[in-house]
Amino acid sequence: MNICHTCASSPCYSAHKSTNEMYERTRNLGITTVFDRWEAQQPQCGFGLQGLCCQLCSHGPCRISPHSDTGICGATADTIVARNLVRLAVHGAAAYAHHLEELAKTLKATAQGQTPFRIGDPRKLREVASLIGLDSSKSNEQLAEALSSAILSELRKGSDERLLLVDVFAPASRKKAWEALGVMPGGVLSEIRDALTKSMTNINTDPTDLLLTAIRLSLATGYMGLVGTITVQDILLGSPALVESEADLGIIDPETVNIVAHGHVPLMASAVIWASQKPELLALAREAGASGIKVYGSMCTGQELMQRSASSASGFAGQLGNWMMQEYYVATGAVDLVMMDMNCSIPGLKLAADQFHTRLVSVDRIVRMDGVKDHVDYDPEKVADQAVQLVRMAIDAFKHRVPENVYVPSHRARVVAGFGIESILKALGGSLDPLLDAIKTGSVRGIAAVVGCTNNRNGHDFKSLTIMREFLKNNVLVISAGCTSSGAQIESLMDPASTDVCGEKLGDVCKALGIPPVLNFGSCVDIGRIGAAVTAIADSLGVDPSQLPVAASAPEYLEQKAVADGIFAVSFGLLTHIGPVPPVTGSELVTKVLTEDIENLLGGKVLVEEDPVKAASIMIAHIDAKRSALGI
Ligand code: XCC
């Protein structure tokens, strides 16, 4: 395992002092956590790592090895690997579709006055409504209802019906490339059905067609699950605005009732923030002996709240960290309730919570965890009452907190967040020109999106932070979204005072604009926001995204949504570094298509390089080559 050995004490599993400190605490308390379970799983199955295991039918599991070059049915390594890849992407697509559907339903109920939400960004609502051809003479509420219906019907379109959102939001040059390859997607749910059907036992065994299926699915996911989701989320909760916040476990206040919003869908969490400020609930908290009520963020829901903490999430108490820190914040003994709204709530969270008074509650009808009995399933029309119920549950849990069991590490970091195309435009005085000029003159050598999850395989956050620092040192501006954002926040890379990590030119740009070296775009869903920003830059320069001095890296990808995201980024025309090595290396064909051939078809390709310094240098060389080709 790639872990840090720089200090004299034991090797560190995490790049963050707070997490290492809490890991020591869990060990001393005899609590097993993710780092211990990782060790217990070593060595891991080499067939699985290469994608060479097929478990689809009861003849299996079949494994491709030097002794048998096909499964019992005759499926080759290429078929098995490609089929497994489609199955990973389809899971990601489905989870994103669920997120978007919850939002669309909430938008509709809000337009009908049935929820505590308001139209948070009416300007965006009108802009999008006019782009998709809705009647702009209508009121905001009528438009919101019509937009919600349009999104729901887009989700359900047939696979042969073109997606409006692709037509409206994708650059013309991209659409041409996708049409040429025959991968223009239809409705997400139909694409999911087709991909699942094709990847059943012996329905589609053509690895090339399976790869094209994964691309179609990922494009549908990109424009619905990513772009569609962030668009509706902005309309409902407001677009991000620049804001100051804090991150790391040291922000936990031992004096207050503490609620953690954990997941990806910030709807219940926003309502809980509002409820936590109600005088009657604050009085209840004080009666229980607390000085107040605080709502903290964890992983992607936290990033969504932070991004909007200047407006709809004001009262947000800061970001604790990314998914790998969930057991460690519970182990502070000072967390009273965790709301789990979507993916990345690990069963280990329950094992940790059982050692303390912490109450776990699933707040989405999809989410359930073995042993967790409390469910408050999000309902847009009941959410105001549900939020009050959750705050009351937290206050009750607080009464069972054992003060002697509380230990909060001291580390905390200042963060400036809230970036997105609108807030960047605002900061630049209404035009992208200052940024484009900085790119043209080379003050900003290029832009790198370092996004996605964190993964124990690489050691918690080491690789993403190394890659970010390499980019910054070489004057490449970094944008982050997902669990990588939490890592950057904790290590102060989102503090404008940290420009010393930048090369001189980039440092000067950051100082002049008052921005941090790494710009927070939000959660992994906000990769759609990065796509929109890249589209805006490409449009301003009159080029295709694949021609820009831009690269993407998901250096510690974890799960299936990230697989769909990665294929989307490549299809969008970007060189996309993916770590750890995805489970495709068992197939020469799939590996070659993704890392080489696809570039001629779509402009982007996958870069596989486990050494983060080398990976960054390859991406910087790519950025330089794109600059030369553009003559800048
Ligand atoms: Fe999960 Fe979003 Fe990945 Fe983090 S980035 S490990 S999905 S929490 Ni989304």
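Reader: How far apart are the centres of domain 1 and domain 4, taken over C-alpha atoms?
Author: The model is predicted. Domain 1 covers residues 2-49, and domain 4 covers 416-630. Taken over C-alpha atoms, their centres are separated by 28 Å.

Reader: How many residues of domain 4 are in contact with domain 1?
Author: Contact here requires heavy atoms within 4.5 Å. Domain 1 brings 15 residues to the interface. On the side of domain 4, the number is 15.

Reader: What percentage of the area buried between domain 1 and domain 4 comes from carbon and sulfur atoms?
Author: The buried area between the two domains is about 1,200 Å². Carbon and sulfur atoms give 55%.

Reader: How many residue pairs are in polar contact between domain 1 and domain 4?
Author: Salt bridges across this interface number zero by the rule. Polar contacts are counted between residues both at pLDDT 80 or more. The number of residue pairs is six.

Reader: Which helix gives the largest share of the side of domain 1 that touches domain 4?
Author: Helix 2 (34-40) and helix 3 (46-50) each supply at least two residues of that side. The largest share is three residues. That share comes from helix 2.

Reader: How many charged residues are on the side of domain 1 that touches domain 4?
Author: Take the classes in turn. Nine residues are nonpolar and six are polar. The number of charged residues is none.

Reader: Where does Pro43 lie?
Author: The peptide bond from Gln42 to Pro43 is cis, with omega near -5°. Pro43 lies in the loop between helix 2 and helix 3.

Reader: What is omega for the peptide bond from Gly60 to Pro61?
Author: Pro61 lies in the loop between strand 1 (53-54) and strand 2 (62-63). The bond from Gly60 to Pro61 is cis. Its omega is near 5°.

Reader: What is the phi of Cys344?
Author: Cys344 is in the loop between strand 7 (337-340) and helix 15 (347-353). Cys344 is not a glycine, yet its phi is positive. The value is about 80°.

Reader: How many residues apart are Arg174 and Asp544?
Author: The rule counts 33 salt bridges. In one, the side chains of Arg174 and Asp544 meet at 2.9 Å, N to O. Arg174 is in helix 8 (residues 172-181), while Asp544 is in the loop between helix 22 and strand 14 (550-554). The pair links distant parts of the chain, and the residues apart number 370.

Methods: Residues are numbered from 1 along each chain as its sequence is written. This is a predicted model: local features need pLDDT of at least 70, side-chain atom pairs count only at pLDDT 80 or more; totals for chains, interfaces and linings use all residues. Side-chain values use heavy atoms; hydrogens and water are left out. Domain bounds come from an automatic or database domain assignment. Buried area is the accessible area (1.4 Å probe) that two parts lose on being put together, summed over both. A salt bridge is a side-chain nitrogen of Lys or Arg within 4 Å of a carboxyl oxygen of Asp or Glu. A polar contact is a pair of N or O atoms within 3.5 Å; within protein, one must be able to donate a hydrogen and the other to accept it, and residues adjacent in sequence count only if both atoms are side-chain atoms. Helices (H or I, at least four residues) and strands (E, at least two) are DSSP runs, numbered from the N terminus. Ala, Val, Leu, Ile, Met, Phe, Trp, Tyr, Cys and Pro count as nonpolar, Asp, Glu, Lys and Arg as charged, and the others, Gly among them, as polar.
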